[in-house]
Amino acid sequence: MTDDGAVDVAFIGGTGRSGSTLISRVLGAVPGFCAVGELFHVWDHGVRRDELCGCGVRFGACPFWTRVGAEAFGGWDQVDVAEVLGLHRGVARVRHLPLLGAPRLVPSFARRLERYTSIMGRLYQGVRAASGCGVVVDSSKVPGSAYTAWRVPGIDVRMIHLVRSSYGVCYSLTKELPNPDYRHDLMPRQSPARSALEWSGFNLSLDVLGVLGVPAMLLRYEDFVAQPRAQLDRMLEFLGRRADPAALAFLGDDRVELRRTHLIAGNPMRSRSGPEPLVADEEWRSRLPRRSKWLVGAITATGLARYGYSLPYAGSRRMTPV
Ligand SMILES: [Zn+2]
């Protein structure tokens, strides 16, 4: 924690199905770190729809989130959620990214952004106060949230840019996964072509944020699963934190001991606890149709090369992270 009262935020950026929930839960288990899930969803999924917190109870009944609301705003009922959601829509969409680089060019945009980021600043401060932790881990992932976090006053944001092979991401987004928030519903699915375009656009936008001056480190999901402790050490060094090795015993070479957390939104893993094996999910190699592999490879070739993955292919040879 810095001495000037600023909140340190570890922002996990990347596409869906890149392993952000796993990384978030691992960082959140380090003493002094509080993982909150996809924080910008707190308004819609939490306050408005009262979905399940990672601890297993509804948002409105969770003592942690109740405390956060009290610390940040004097209670969630003091916030005009419709206003916050409207502000978010007005500043954090993909088309706003160029303006987020220079918001003063459009005064009305700058005013909306200032109002939105002041609310988010209070929220980060509230998490810090309620948790007593110096680092808030926000896995909101998407570029719009990363760019707006960069503009929040009073926080010191560092971004872990999490990348997973586009093949794995695109295949995962075709699978049927249960949605823990709606018992009879499934997690959203989409076509490999759409996922590949999103993968390219999101990752490029996050690269640009690094160029604009936000401290950023690249973490490949495949590297984390292969060497979890070494990659956690890298993240802690990047975040300027140290931890007693004994306090990191929850993370082994091939498993992690998950503890109960209060993650909001994110994939179903957010509510699991106990031992969890760490194995690379490479199902896409055999299950992603050949035509889809070709399409994903063609769309994401530049990005794959940029992040050190071997060049795309459409056959059955192994593609391993370099
Ligand atoms: Zn909770």
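Student: What makes the crossing of H1 past H11 right-handed?

Tutor: In this predicted model, H1 passes H11 in a right-handed crossing. That name applies if the near helix is turned clockwise from the far one by less than a right angle.

Student: Why are H1 and H11 called roughly perpendicular?

Tutor: Look at the angle: the axes of helix H1 (residues 20-28) and helix H11 (residues 228-238) cross at roughly 70 degrees and come within 11 Å. Angles of 65 to 115 degrees count as roughly perpendicular, and therefore H1 and H11 get that description.

Student: Which residues of H1 and H11 meet?

Tutor: Ile23, Val26 and Leu27 in H1 meet Leu232, Met235 and Leu236 in H11. By class, this contact has six nonpolar residues, with no polar and no charged ones.

Student: And what makes H4 oblique to H6?

Tutor: Helix H4 (residues 81-91) and helix H6 (residues 107-131) have axes that cross at roughly 130 degrees and come within 9 Å. Roughly perpendicular covers 65 to 115 degrees and roughly antiparallel needs over 145, while the rest between them counts as oblique. That makes H4 oblique to H6. As for handedness, H4 passes H6 in a left-handed crossing.

Student: How do the residues of the contact of H4 with H6 divide by class?

Tutor: They divide into seven nonpolar, two polar and three charged. Among those that meet are Val84 and Leu87 in H4, and Phe109 and Ile119 in H6.

Student: How do you know that H9 and H13 are roughly parallel?

Tutor: Helix H9 (residues 192-211) packs against helix H13 (residues 290-306) at an angle of about 5 degrees, with the axes 9 Å apart. The cut-off for roughly parallel is under 35 degrees, and H9 and H13 are therefore roughly parallel to each other. The contact includes Trp199 and Leu204 of H9, and Ile299 and Leu304 of H13. Its residues divide into 10 nonpolar, five polar and two charged.

Student: Why is the arrangement around the zinc ion called tetrahedral?

Tutor: Start with the donors: Cys53 (SG), Cys55 (SG), Cys62 (SG) and His262 (ND1) coordinate the zinc ion at 2.1 to 2.3 Å. Four donors count as tetrahedral if all angles lie between 85 and 135 degrees. Here the four donor atoms subtend angles of 96 to 119 degrees, which makes the arrangement tetrahedral.

Student: What parts does the pair of cysteine 55 and histidine 262 tie together?

Tutor: Cysteine 55 sits in the loop between helix H2 (43-48) and helix H3 (63-73), and histidine 262 in the loop between strand E6 (255-258) and strand E7 (274-277), so the pair ties together parts 207 residues apart in sequence.

How values were computed: Residues numbered from 1 in each chain as written. Predicted model: local features only at pLDDT ≥ 70, side-chain atom pairs only at ≥ 80, totals over all residues. Heavy atoms only, no water. Axes fitted to C-alpha atoms, helices over the stretch in contact; angles between N-to-C directions. Helix = DSSP H or I, 4+ residues; strand = E, 2+ residues; numbered from the N terminus. Contact = heavy atoms within 4.5 Å. Nonpolar A, V, L, I, M, F, W, Y, C, P; charged D, E, K, R; others polar. Donors = N, O, S within 2.8 Å, 3.2 Å for Na, K, Ca; no water. Tetrahedral: all angles 85-135°; square planar, octahedral: opposite > 155°, others 65-115°.
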